[in-house]
Amino acid sequence: MSQSLFLVTLLVDDYDRAKAFYCGALGFDCLQDEVRPEGKRWVVVKPKGGDGAAFLLAKAVNETQKAAIGNQTGGRVGFFLKTDDFARDHAAMLARGVRFLEQPRREIYGTVAVFSDPYGNTFDLIRHAAPTAS
């Protein structure tokens with residue numbers, strides 16, 4: 001049996017604002033942007049060249065959903081963006097206005113810095129350390 005997580009819903013307040021951030025500031029690809037009935041859209045974005053899950057950008061439609069925008073993980077870092085070149089991606093994201101909440105730091109597992117989207121969802125930008133020989 002083979003399974004993989006391919007799509008994660010991310011509540012947003014506006015499709016175009018969210019798409020501009022994820023595809024503009026973060027450089028994600030827009031895989032789909034299709035109009036659906038009742039003013040809804042099916043907007044799917046994914047990191048360039050990535051083999052992991054994509055985000056379905058879903059516009060919040062009621063008060064419960066609106067209250068969860070930016071806090072879908074209860075204040076914890078909820079998303080982890082893996083890179084093969086931390087310095088390159090960190091610099092590019094800063095140049096495009098991404099707000100980092102800390103300076104890059106080296107940990108035993110790699111180089112990491114926390115950033116947030118316009119809604120307050122937090123992400124780790126991370127480059128894993130090379131495995132050490134045992």
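**Helix α1**

I began with what lies over the buried residues of α1: the cover includes β1 (7-12), β3 (41-46), β4 (54-59), α3 (86-95), β8 (110-116) and β9 (122-128). This is a predicted model, where local features need pLDDT of at least 70 and side-chain atom pairs count only at pLDDT 80 or more, while totals for chains, interfaces and linings use all residues. Residues are numbered from 1 along each chain as its sequence is written, and side-chain values use heavy atoms, with hydrogens and water left out.

My terms for this entry: helices (H or I, at least four residues) and strands (E, at least two) are DSSP runs, numbered from the N terminus. Buried is under 20% relative accessible area, exposed is over 50%, and partly exposed is in between (1.4 Å probe, protein chains only).

Which residues of α1 are buried? In α1, which runs over residues 15-25, I find Y15, A18, F21, Y22 and A25. At the start of α1, I see a side-chain oxygen of D14 within 3.1 Å of the backbone nitrogen of D16. After α1 comes G27, and its phi is positive, near 80 degrees.

**Rings**

Next I looked up aromatic pairs (Phe, Tyr and Trp rings, the six-membered one for Trp, with centres within 6.5 Å; stacked if the planes are under 30 degrees apart, edge-to-face if over 60, tilted for the rest). The count by this rule is nine. One of them joins Y22 and F28: the centres are 5.7 Å apart and the planes at 45 degrees, so I log the pair as tilted. Y22 has 0% relative accessibility and counts as buried; F28, at 6%, is buried too. F115 and F123 make a stacked pair, with 4.9 Å centre to centre and 10 degrees between the planes. Both F115 and F123 are buried.

I then checked how the rings group. F21, Y22, F28, F55, F79, F100, F115 and F123 form one aromatic cluster.

**Domains**

The domain assignment (bounds from an automatic or database assignment) gives domain 1 as 1-60 and domain 2 as 73-133. Their centres, taken over C-alpha atoms, are 19 Å apart. I count contacts as heavy atoms within 4.5 Å; 16 residues of domain 1 are in contact with twelve residues of domain 2.

How much area is buried between domain 1 and domain 2? I get about 1100 Å², with carbon and sulfur atoms giving 70% of it; buried area here is the accessible area (1.4 Å probe) that two parts lose on being put together, summed over both. F21, A25 and L26 supply 41% of what domain 1 buries against domain 2, more than any other three residues.

For charge across this interface, the salt-bridge rule (a side-chain nitrogen of Lys or Arg within 4 Å of a carboxyl oxygen of Asp or Glu) finds zero between domain 1 and domain 2. On the domain 1 side that touches domain 2, β1 and α1 are the elements that give two or more residues. α1 gives the most to that side, with six residues.

**Salt bridges**

Side chains of opposite charge can pair when their charged atoms come close. How many salt bridges does the rule count? The answer is eleven. I went through a few:

- K48 and D29 form one, with the closest N and O atoms 2.5 Å apart. K48 is in the loop between β3 and β4 and D29 in strand β2, so the pair ties together parts 19 residues apart in sequence. K48 is exposed at 57% relative accessible area, and D29 is partly exposed at 29%.
- K66 and E63 meet at 3.9 Å, N to O. They are three residues apart in helix α2 (residues 63-68), which puts about one helical turn between them. K66 is partly exposed at 43%, whereas E63 counts as exposed at 60%.
- R105 and E107 have their closest N and O atoms 2.8 Å apart. R105 is partly exposed at 28%, and E107 is partly exposed at 34%.

I also found a network: D16, K19, D33 and R41 are joined by salt bridges that share partners.

Definitions and conventions:
Polar contact = N/O pair within 3.5 Å; in protein donor to acceptor, adjacent residues only side chain to side chain.
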